[in-house]
Amino acid sequence: MDMRGASSRSCSGCGTDLSRYNPSGLCASCRRSSPKLSANLWASDAMREALGRWDVGALVLAYRRHTGVSQSAVAALVSIDQAEVSRLERGRKTVRDRRQVMTWTRALGVPDAMVPDLPIGEAIKGPESVIASLAGPHAYAINAPAPSSNLEDLDLLVIKLQQRDN
């Protein structure tokens with residue numbers, strides 16, 4: 001008991017003392033942290049398809065339905081405005097940059113291995129895309145010049161592709 005005669009309460013998540021004005025059993029930090037997800041949420045066919053299309057809006061909506069968190073809470077996970085989350089969920093905004101997709105999926109608790117390098121339907125279209133993809137994980141955003149028809153360049157390309165395949 002504290003000096004005022006009331007028993008003190010502690011957070012059920014981390015054990016810190018709670019304010020007498022806090023009606024919840026969790027401190028603000030624990031309420032903001034990502035809820036625990038069941039392993040099968042991302043393994044469903046619908047979620048695999050959404051991950052394959054990089055449909056962040058569908059992922060956020062499924063996450064919110066599964067956990068019961070608000071759009072504001074999801075927005076806080078990635079430090080954006082709640083209106084952006086709403087636009088994503090309604091399909092009025094899409095995410096096409098791999099770094100942004102990875103930021104979202106990590107915040108939502110999606111395993112990195114489930115996120116493809118490119119969204120479905122955006123296969124490598126030509127040699128310039130292959131060369132750009134060799135530059136790194138975000139290479140699809142790079143506008144690499146088309147390779148010359150020089151045989152040495154093509155040999156180097158084959159070697160790099162073989163190394164990447166291994």
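pLDDT is the predictor's confidence in each residue, on a scale from 0 to 100. Across this chain, a predicted model, pLDDT averages 76, and 69% of the residues reach at least 70. Local features are taken only where pLDDT is at least 70 and side-chain atom pairs only at pLDDT 80 or more, while totals for chains, interfaces and linings use all residues. Numbering runs from 1 along each chain as its sequence is written, and side-chain values rest on heavy atoms, with hydrogens and water left out.

Helices (H or I, at least four residues) and strands (E, at least two) are DSSP runs numbered from the N terminus.

Now for the packing. As for what counts as buried, the cut-off is under 20% relative accessible area, with exposed set at over 50% and partly exposed in between (1.4 Å probe, protein chains only).

Helices α2 and α3 have axes that come within 8 Å and cross at roughly 145°; the axes are lines fitted to C-alpha atoms, for helices over the stretch in contact, and angles run from 0 to 180 degrees between N-to-C directions. On the α2 side the contact is made by Met47, Ala50 and Leu51, and on the α3 side by Ala58, Leu59 and Ala62.

Threonine 105 sits in helix α6 (residues 98–108) and is buried, at 0% relative accessibility. Beyond its neighbours within four places in sequence, threonine 105 contacts Leu51, Leu59, Val110 and Val115.

Most residues other than glycine have a negative phi. Tryptophan 54, though not a glycine, has a positive phi of about 60°; it lies in the loop between α2 (45–53) and α3 (56–67) and is buried, with a relative accessible area of 2%. Serine 79 also has a positive phi, near 60°, but is exposed at 66% relative accessible area, in the loop between α4 (71–77) and α5 (82–90).

Note on methods:
Contact = heavy atoms within 4.5 Å.
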